[in-house]
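Here is a briefing on one protein model. Please look at the sequence and structure first, then read the points by topic.

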Amino acid sequence: MALAKLGAVVLDCPDPRALATFYAGMLGGTIEEEADWIDLRLPAGGTLAFQAAPGYVPPKWPSPDASQQFHLDLTVEDLDAAEKEVLALGAKVLEADDRKRTWRVYADPAGHPFCLCAG
């Protein structure tokens, strides 16, 4: 029997509303807002949460000096189409030169790495 269940994945960031809006643009869902904290309730279940972090410094990709700590793998039907959409939402390309791979690496507007993976 499990001791606990996952409540949310929480991302530190300088602007919780902006980052929640970015992920809602990719994943859908409902944004629920409090003072320095926002929950994004996802349509398939689960929650991504965003909290204000004064002095936030984004991780670097790839860098042993500034570890990413974790990242999200987001499954998509069409990598090229999804790439266009996440870039329009404000993502930055970190590693997507090898177009034969089944995944590509991006950073959200606060600098957190995430991967788009062929589904």
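Buried means under 20% relative accessible area, exposed means over 50%, and partly exposed lies in between (1.4 Å probe, protein chains only). Leu11 has a relative accessible area of 1%, so Leu11 is buried. The model is predicted: local features need pLDDT of at least 70, side-chain atom pairs count only at pLDDT 80 or more, and totals for chains, interfaces and linings use all residues. Residues are numbered from 1 along each chain as its sequence is written, and side-chain values use heavy atoms, with hydrogens and water left out.

- Helices (H or I, at least four residues) and strands (E, at least two) are DSSP runs, numbered from the N terminus.
- Two strands pair if DSSP finds at least two bridges between them.
- Four strands make an open sheet with the order 1-4-3-2 and mixed pairing.
- Strand 1 and strand 2 (30-33) are the edges, and each pairs on one side only.
- From one strand to the next, the twist averages 20°. Axes here are lines fitted to C-alpha atoms, for helices over the stretch in contact, and angles run from 0 to 180 degrees between N-to-C directions.
- Strands of a sheet pair through backbone hydrogen bonds, either parallel or antiparallel.

**Strand 1 and its partner**

- Leu11 sits in strand 1 (residues 9-13).
- Strand 1 pairs with strand 4 (residues 47-52) in the parallel sense, over five bridges.
- Within this pairing, Asp12 stands opposite Gln51 of strand 4.
- Leu11 and Ala53 are 42 residues apart in sequence, and their C-alpha atoms are 9.2 Å apart in space.

- Strand 2 and strand 3 pair in the antiparallel sense over four bridges. A hairpin of three residues joins strand 2 to strand 3.
- Glu32 belongs to strand 2, and its bridge partner in strand 3 is Asp39.
- Why does Glu32 count as partly exposed? Its relative accessibility is 36%, and partly exposed is the class between the two cut-offs.
- Glu32 and Glu85 are 53 residues apart in sequence and 23 Å apart in space, C-alpha to C-alpha.
- Asp39 lies in strand 3 (residues 37-41). Asp39 counts as buried because its relative accessible area is 12%.
- The side chains of Asp39 and Trp37 make a polar contact of 2.9 Å. A polar contact is a pair of N or O atoms within 3.5 Å; within protein, one must be able to donate a hydrogen and the other to accept it, and residues adjacent in sequence count only if both atoms are side-chain atoms.
- Strand 3 and strand 4 run antiparallel, joined by five bridges. Trp37 has Gln51 as its bridge partner in strand 4.
- Five residues separate strand 3 and strand 4 in their hairpin, and Gly45 in the turn has a positive phi of about 100°.
- Thr47 is in strand 4. Thr47 counts as buried because its relative accessibility is 11%.
- A polar contact of 2.9 Å links the side chains of Thr47 and Arg41.

**Sheet 5-8-7-6**

- Four strands form an open sheet in the order 5-8-7-6, again with mixed pairing.
- Strand 5 and strand 6 (92-95) are its edge strands, and each pairs on one side only.
- The twist averages 35° from one strand to the next.
- Strand 5 and strand 8 (residues 113-118) pair in the parallel sense over five bridges. Leu72 stands opposite Phe114 in strand 8.
- In a regular strand the side chains alternate between the two faces of the sheet.
- Strand 5 has Leu72, Leu74 and Val76 on its covered face, and Asp73 and Thr75 on its uncovered one.

**Second largest pocket**

- A pocket is found on a 1 Å grid over the protein atoms alone: it is an open set of points where a 1.4 Å probe fits, with protein on both sides within 12 Å along at least five of seven lines, and lining residues have an atom within 4 Å of a point.
- The second largest pocket holds about 150 Å³ of space. Volume is the space filled by probe spheres set on the points, which are joined across faces, edges and corners.
- Its lining residues are Gly25, Met26, Leu27, Leu74, Thr75, Val76, Ala82, Glu85, Val86, Leu89 and Leu116.
- Helix 1 (16-27), strand 5 (72-76) and helix 2 (79-89) are the elements that give two or more residues to this lining.
- Helix 2 gives the most, with four residues.
- By class, the lining has eight nonpolar, two polar and one charged residues. Ala, Val, Leu, Ile, Met, Phe, Trp, Tyr, Cys and Pro count as nonpolar, Asp, Glu, Lys and Arg as charged, and the others, Gly among them, as polar.
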